[in-house]
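Keep the 3D view open as you read.

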Amino acid sequence: MVGESRKWMILVVTTWIQAFTGTNFDFSSYSSELKTVLGISQVQLNYLSVASDMGKALGWCSGVSLMYLPLWVVMFMAALMGLFGYGFQWFVIERMITLPYVLVFFLCLLAGCSICWFNTVCYVLCIRHFQANRALALSLTISFNGVSAALYSLIANAINPSDDNLYLFLNALVPLFITGVALVPLLRQPPPIQPLSSEAIHRDSMVFLCLYILAVVTGLYLLLLNSLSSNISNARILLVGAIFLLILPLCLPGIAYAREWACRNMPFSFQNENSSDFNLVNPDDLELHKELIGENENGNVVNATSYGLIDKEGCLWCFGKVMEKDRLTVLGEEHSARLLVRRWDFWLYYAAYFCGGTIGLVYSNNLGQISESLGYSSMTSSLVTLYSSCSFFGRLLAAAPDFLRDKIYFARTGWLAVALVPTPIGFLLLTLSGSEAMLRAGTGLIGISSGFVFSAAVSVTSELFGPNSAGVNHNILITNIPIGSLLYGLLAALVYDANEGSSVIQVNLLKEATLCMGRSCYRQTFIWWGCISVVGLASSILLFLRTRAAYNRFERNRCQSESSS
């Protein structure tokens, strides 16, 4: 029982780490001031944003470090990288010190690395302690990374609502503080959990359901009440409420255990005949994965080196050859990096992420300049909070396949395709009008879409290309983030600088900086981004059509396994 309670403590602590270390989301809150202080162009500012995202390309370093160092040491290394990366940027933006552009670029890279290292620690904790509920644990914790901007906005408004530079100061210190808070539970980690019984899986399912409901309440609280935080006294009250909601999950496992004890000792009063049917995770699913893979390797079903089975019902006739060539037929088969990059399905998946989720991240990095160019500079903080909160809900929605599996079965790649639909709609709204309503609606749609992609990607990678290879394969997948950040951000910066002549404001503080005003600054960018997001949507649909047969086959085997047992 002690080990069980500690694992839930680990999960709650992991959500805290994620909630306070998504510091890349508030870049837009201080980017305009950073641009002014450094006296740089929009293109140069974009390179600083790219530097932060480049940290994800170095994510393998954290994995290697975990092979030789204790997990808590790696976590403190991440906190120290953030302390130096954001701390010295704060000194620069406060004009306490002057650094050349190259060193500021390095500081942004160091800060980006810290985020990736924190994420790796959280992934390892979830996988280690929730083997049967891995997808649910990952989706829940990753979703809290989306509320970071909203939480930092509350903290900043509770201290000084008029100081946007405060975000950098908080980015440096808050993750270090959370690391210290998380230290005790990490040092008292429970031993590896043995395979869970059906009763234990049922209990865990109930706890996860409660945690997801509480997460939705937390997200609505931050989204709907954040607009009231402009007043310092209101912000402090709202911050206390947010902290209470983050601490409250510590009580839920105890309630679940108390209910279980009551069901055993007072069955006639508390037991529900249908309660045993509620399981978010089937205890036989992992074994079924292994059986399918084993059959594949033994050649009883398909040749392990062949992906050429043709299911005419699973593809469109006009795309027959494309749909059938080298497609996946079994879920969960391990792929080495060499095999991975030779698969068409991987590149369709890569394109969907590159043209979908990544473009949403680049949009959030440019929110400061977008709102400023449209004349809504005072709304930057609220827009960042809106994007962050919607990203949070998108990440929570990524758990829908697990919650709805027994009622409405749909391949996870199909959910991915559906999730990418709001992005082109959002860019269409931004292209048609520069009004505040359209800006908020477009930002919310893009936030929901990109949040779903970020959260679902870990599970999709594991299902398509093997759970044991997911760490390496997912790091290969997210190399698209720095590439997309560079290309999409450079496109936006070039359009921005090209239109500065139509309405320019010269800012002379130590150095000269340019400022573009008007819809022309980003309208062409929104058109390009919208077209690119359509390519991502098309790629995700092709991926769904190619993998649907494999998902359907796995579901049929799962149903047969349940009926036979």
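What follows is a short tour of selected features, from open spaces to paired side chains. Keep in mind that this is a predicted model.

## Spaces inside the model

Let's begin with the second largest pocket, which holds about 560 Å³ of space. Its lining is made of 34 residues, and those nearest the centre are Ser-29, Asp-164, Ser-377, Ser-378 and Thr-380. Which parts of the chain each supply at least two residues of this lining? They are helix H2 (27–38), helix H8 (148–159), helix H19 (367–373), helix H20 (380–397) and strand S2 (511–516). H2 gives the most, with eight residues. If you sort the lining of the second largest pocket by class, you get eight nonpolar, 20 polar and six charged residues.

The structure also has cavities: six of them are 30 Å³ or more. The largest cavity has a volume of about 90 Å³. Around this cavity you will find 13 lining residues, with Asn-24, Phe-27, Tyr-30, Ser-52 and Tyr-86 nearest its centre. By class, the lining of the largest cavity has six nonpolar, six polar and one charged residues.

## Charged partners

Now turn to the charged side chains. How many salt bridges does a search of the whole structure find? The search finds four.

| Salt bridge | Closest N and O atoms |
|---|---|
| Glu-33 with Arg-95 | 4.0 Å |
| Arg-546 with Asp-345 | 2.8 Å |
| Glu-436 with Arg-440 | 3.3 Å |

Take the salt bridge of Glu-33 and Arg-95. This pair links distant parts of the chain, 62 residues apart: Glu-33 sits in helix H2, while Arg-95 is in the loop between helix H5 (71–93) and helix H6 (101–129). Glu-33 is partly exposed, with a relative accessible area of 29%. Arg-95 is also partly exposed, with a relative accessible area of 41%. There is something else to notice about Arg-95: its phi is near 60°, a positive value in a residue other than glycine. For background, most residues other than glycine have a negative phi.

Next comes the salt bridge of Arg-546 and Asp-345. Arg-546 belongs to helix H27 (residues 523–564) and Asp-345 to helix H17 (residues 344–355), so the pair ties together parts that are 201 residues apart in sequence. Are these two residues buried or exposed? Both Arg-546 and Asp-345 are buried.

Aromatic side chains come next. A search of the whole structure finds 22 aromatic pairs. One of them is Trp-72 with Phe-76, an edge-to-face pair at 6.4 Å centre to centre, with 85° between the planes. Trp-72 and Phe-76 are four residues apart in helix H5, so about one helical turn separates them. Trp-72 is partly exposed, with a relative accessible area of 36%, and Phe-76 counts as partly exposed at 23% relative accessibility.

Elsewhere, ring pairs link Tyr-363, Phe-427, Tyr-496, Tyr-522, Phe-526 and Trp-529 into a cluster.

## Covered places

Find Ser-450 in helix H24 (residues 436–465). Why does Ser-450 count as buried? Its relative accessibility is 1%, and buried means under 20%. Leaving out residues up to four places away in sequence, Ser-450 touches Gly-357, Gly-360 and Tyr-387.

Helix H22 (residues 412–419) is mostly covered, with seven of its eight residues buried. In H22, the buried residues are Arg-412, Thr-413, Gly-414, Trp-415, Leu-416, Ala-417 and Ala-419.

Notes
Residues numbered from 1 in each chain as written. Predicted model: local features only at pLDDT ≥ 70, side-chain atom pairs only at ≥ 80, totals over all residues. Heavy atoms only, no water. 1 Å grid on protein atoms, 1.4 Å probe; cavity = no way out; pocket = protein on both sides within 12 Å on 5 of 7 lines; lining within 4 Å. Points joined across faces, edges and corners; volume = space filled by probe spheres on them. Nonpolar A, V, L, I, M, F, W, Y, C, P; charged D, E, K, R; others polar. Buried < 20%, exposed > 50% of the residue type's maximum accessible area, 1.4 Å probe, protein only. Contact = heavy atoms within 4.5 Å. Phe/Tyr/Trp six-rings, centres within 6.5 Å; stacked < 30°, edge-to-face > 60°.
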